[in-house]
Every structure is written in structure tokens, then in C-alpha cells.
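Subject: Structure for your review

Dear colleague,

Please find below the structure that I am handing over to you. My notes on it follow directly after.

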Amino acid sequence: MSYLTLNSIKKKYSDLAVIRTISLSIEQGEFVVFVGPSGCGKSTLLRLIAGLEDLDAGSITLDGQDITNVASSKRDMAMVFQSYALYPHMTVANNLSFALRQAGLPKTEIKRKIDKVAATLELTPYLERKPGVLSGGQRQRVAIGRAIVRNPKAFLFDEPLSNLDAALRVDMRLEIARLHRNLGATTIYVTHDQVEAMTLADKVVVLNRGVIEQAGAPVDLYENPKNLFVAKFIGTPRMSFIPSRVVSVNELSTTLESEQGASITLGPTPLAPNDYIQIGIRPEHLILDNPENADHQGDIELVEKLGSDTFCYIDSQLGRLTARLPGNVRVNPGETVGLHLKDKSLHIFKEHR
Ligand SMILES: Nc1ncnc2c1ncn2[C@@H]1O[C@H](COP(=O)(O)OP(=O)(O)OP(=O)(O)O)[C@@H](O)[C@H]1O
Ligand SMILES: [Mg+2]
């Protein structure tokens with residue numbers, strides 16, 4: 001049995017089904033990231049796991065025990081929210097030790113634990129300060145430290161870094177990765193940030209309207225999205241899509257027509273004439289060439305130079321496409337370019353939404 005399992009859990013708020021049957025297995029030490037559009041149920045799912053909300057149906061087990069009806073305070077999980085409230089009148093040391101003092105631990109043991117966690121999070125110089133004079137990142141580390149000292153069975157993070165500025169976010173992301181490597185604690189982490197999801201997760205869970213669309217290793221989701229929703233959700237800039245109709249299929253090739261009327265020839269596919277599909281292509285797989293050398297042509301509408309990469313947004317008879325080029329490439333809006341679609345790197349979705 002897995003360390004943490006959700007078995008067909010459901011949750012409604014009045015008549016709104018927020019979690020519509022979710023099953024998920026999480027291994028001990030695994031770092032699981034929940035992603036999905038706003039309102040899809042990520043926080044609700046976390047709160048159900050923490051026991052802050054009751055399930056309508058299903059069960060949850062943790063470390064071999066059915067915790068479905070166990071009170072939140074007895075579940076031995078630590079939750080860190082986006083808006084972590086530290087006690088402003090208490091020093092960092094007292095903020096960190098609050099739960100341990102409540103639990104009645106001996107003073108010497110509390111001190112040992114606090115010193116250890118402060119060292120791990122590089123908070124030792126600040127132990128006697130109050131939160132008001134700490135930076136955002138230091139406060140965030142205190143909030144995480146408060147969770148760590150309890151030595152919980154699982155950590156639940158709900159967008160813990162979203163209040164921080166970009167540079168601090170990157171620092172804290174690396175810190176969380178380091179912490180997870182050192183502690184090996186089972187962690188569930190909600191974020192809207194693609195980079196956090198891709199870099200921190202052992203397993204990414206893509207949620208949509210209260211169901212799991214796909215769960216798997218980040219690279220697997222990126223390379224093999226199961227459906228259009230996941231394909232659209234994972235990756236920035238996102239995958240481009242060419243809505244098309246299958247014209248004919250034979251043993252050697254498939255001929256399609258794009259919505260804008262371009263003829264597209266692919267290798268053999270299991271498609272049937274008149275299937276409406278979406279051809280998906282990641283920006284790094286769209287190959288640009290001289291217009292006369294390629295089957296398809298398009299006009300560059302917009303160029304984004306990020307230093308390391310250049311993203312070109314192209315208007316073509318295949319539709320709007322995004323290409324990722326090296327940082328130093330010279331391309332300009334208004335240029336006409338040739339486009340190659342390489343069969344191997346294309347994704348075919350038999351969905352037309
Ligand atoms: N206590 C509640 N009572 C009624 N409806 C709620 C309650 N909590 C959440 N909801 C609704 O449940 C749905 C899911 O909310 P939830 O907070 O889980 O979304 P989320 O995925 O965390 O979104 P976000 O990314 O914006 O934080 C939303 O439609 C929300 O309005
Ligand atoms: Mg939320």
C-alpha cells in the first residue's frame with residue numbers, strides 16, 4: 001500500500017461538486033505537485049487531506065492507517081499556506097517552538113530541535129528577532145521551519161511562494177528542493193508556477209474541475225500529454241495547435257487540411273477520413289527555414305527576445321504557431337519564413353475543442 005492514498009474522494013459545496021471522484025497514491029518521500037486552473041479544486045483537495053474539511057465520500061489512508069475520520073490535529077501533517085501568519089509579538093525562536101511548547105516537550109529538547117531547524121534554514125542569526133524586522137524570504141523560512149520542527153508525516157504547501165518577488169522565489173524554490181533532498185519528507189505542493197512544478201516534483205498532478213486529467217513525472221507529462229487539456233496546460237510558451245480535418249489515409253501517408261485550408265501531409269497514422277483533430281507542436285520542435293525550402297510558409301507577427309531564447313509568434317495557413325529559437329538569432333516581425341513539421345515531434349489529439 002502507498003504511504004498516502006486518496007480513495008475515490010468527493011466533495012461538494014452546496015450543489016457545486018468541487019472534487020468529483022479523485023483517487024491518488026503517494027509514496028513515502030515523494031514530492032507531489034498539484035497544478036490546474038484557478039478554482040479547479042487544488043486548495044480544497046489539500047484541505048481535505050489535512051482534515052480541515054470533511055469528505056462527502058471516499059477515504060484517505062496515511063502510513064497504513066485510515067485517517068478519514070481522524071481530526072486534523074491528530075493527522076500529523078503540517079500545512080504551510082500562501083499567507084503564513086507568524087505571531088508578530090513573538091521572536092523567531094518562539095514562533096518556531098510554539099507547537100512544541102503547546103505539546104509540552106521538555107525545554108532542552110525544544111532547544112535542540114529549534115537550533116537544528118534554524119541551522120537548516122539559515123535562521124540562526126535571527127532567532128531573537130521579531131518577524132516584523134525580517135525580509136519576506138526569512139519570514140517564509142520561519143513558516144516552513146514551524147512546519148519542520150513538528151516532524152510531520154507529510155508537508156502540505158499551498159502556493160507558499162506566491163507572495164515573494166521573482167528573485168526571492170527562485171532562491172526559495174532552490175531552498176525547498178534542497179530541504180526535500182535533506183529531509184526526504186513526503187510533500188504535497190500547490191503552485192501556479194510551471195517552473196516550480198517541473199523542477200520540484202517527482203509527480204505532477206494536473207487537476208481540472210475536480211478531476212485528475214493526468215498524473216506523472218514532469219517530463220512524461222511534457223512529452224506525452226494524454227489529452228488536449230494537459231497539452232495546453234503544461235509548457236510555457238504553450239504548445240501550438242493546428243486544428244485539422246483528415247482528408248485521406250493510406251499505408252504511406254495521411255493527408256489533412258488545416259482550418260485555414262493548408263494541405264498537410266504526415267506519415268501513416270491510425271486516423272480515419274473526416275476525423276477532426278488537433279495537431280500539437282511544442283515551440284522547440286517547429287523548424288524555421290527559407291520560405292522556398294519548406295512546404296508551409298508564415299509571417300512573423302511578434303518576436304520576444306529573452307536573452308537565452310527567442311520566441312517567434314507566427315501567423316500561417318496552419319494557424320498561429322510559436323517557435324523557440326536561440327537567443328542570438330536575427331529575426332524580425334514582418335518576415336516571411338518557411339515552416340517544417342517533423343512527424344516525430346508532433347502530438348495528435350482526437351479532440352476538436
Ligand atoms: N468553503 C467553500 N464554500 C463554497 N465554495 C467553496 C469553498 N471553498 C472553495 N469553494 C469553491 O470550490 C472551488 C474550488 O476552490 P479551490 O479553492 O479548491 O480552488 P483552487 O484550485 O485552489 O483555486 P486557486 O488556484 O484560485 O487557489 C471554487 O469554485 C471555489 O469557489
Ligand atoms: Mg487555491
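Predicted model: local features only at pLDDT ≥ 70, side-chain atom pairs only at ≥ 80, totals over all residues.

How many bridges join S16 to strand S17 (residues 309-316)? There are 7 bridges between S16 and S17, and the two run antiparallel. Strands here are DSSP runs of E of at least two residues, while helices are runs of H or I of at least four, and both are numbered from the N terminus. Two strands are said to pair if DSSP finds at least two bridges between them.

Residues are numbered from 1 along each chain as its sequence is written, chains are lettered from A and ligands numbered from 1 in the order in which they are written, and side-chain values use heavy atoms, with hydrogens and water left out.

The chain as a whole

The protein chain contains 8 helices and 20 strands. Its C-alpha trace spans about 80 × 45 × 35 Å along the principal axes. Of its 353 residues, 49% count as buried (under 20% relative accessible area with a 1.4 Å probe, protein chains only; exposed is over 50%, and partly exposed lies in between). Among contacts (heavy atoms within 4.5 Å) with a separation of 6 or more, 63% are between residues 24 or more positions apart. The chain carries 40 positive and 40 negative side chains, with the centres of the two sets 10 Å apart; Lys and Arg count as positive and Asp and Glu as negative, without His and the chain ends, and each charge is placed at NZ of Lys, CZ of Arg, CG of Asp or CD of Glu.

The sheet around S16

S16 belongs to an open sheet of 5 strands in the order S15-S19-S16-S17-S18, paired antiparallel. Strand S15 (287-289) and strand S18 (319-326) are the edge strands, each pairing on one side only. Strand S16 (residues 296-305) is joined to strand S19 (residues 336-340) by 4 bridges. Within this pair, Gln297 has Gly338 as its bridge partner, and Asp299 stands opposite Thr336. Towards S17, Glu304 stands opposite Phe311. The hairpin of S16 and S17 has 3 residues between the strands, and Gly307 there takes a positive phi near 95°.

The hairpin of S1 and S2

Strand S1 (residues 4-13) and strand S2 (residues 16-26) run antiparallel and are joined by 7 bridges. Tyr13 has Leu16 in S2 as its bridge partner. The hairpin leaves 2 residues between the strands, and Ser14 in the turn has a positive phi of about 45°. Ser8, which is placed in strand S1, also has a positive phi, near 45°, and is not a glycine. Ser8 counts as partly exposed because its relative accessibility is 37%.

Individual residues

Val204 lies in strand S9 (residues 203-208) and counts as buried because its relative accessibility is 1%. Beyond residues up to four places away in sequence, Val204 touches several others, including Val33, Val35, Ala197 and Ile234.

Asp76, in the loop between strand S5 (65-66) and strand S6 (77-80), has a positive phi of about 65° although it is not a glycine. Finally, a cis peptide bond with omega of about -15° joins Thr236 and Pro237, and Pro237 is found in the loop between helix H8 (228-233) and strand S11 (240-249).

Yours sincerely
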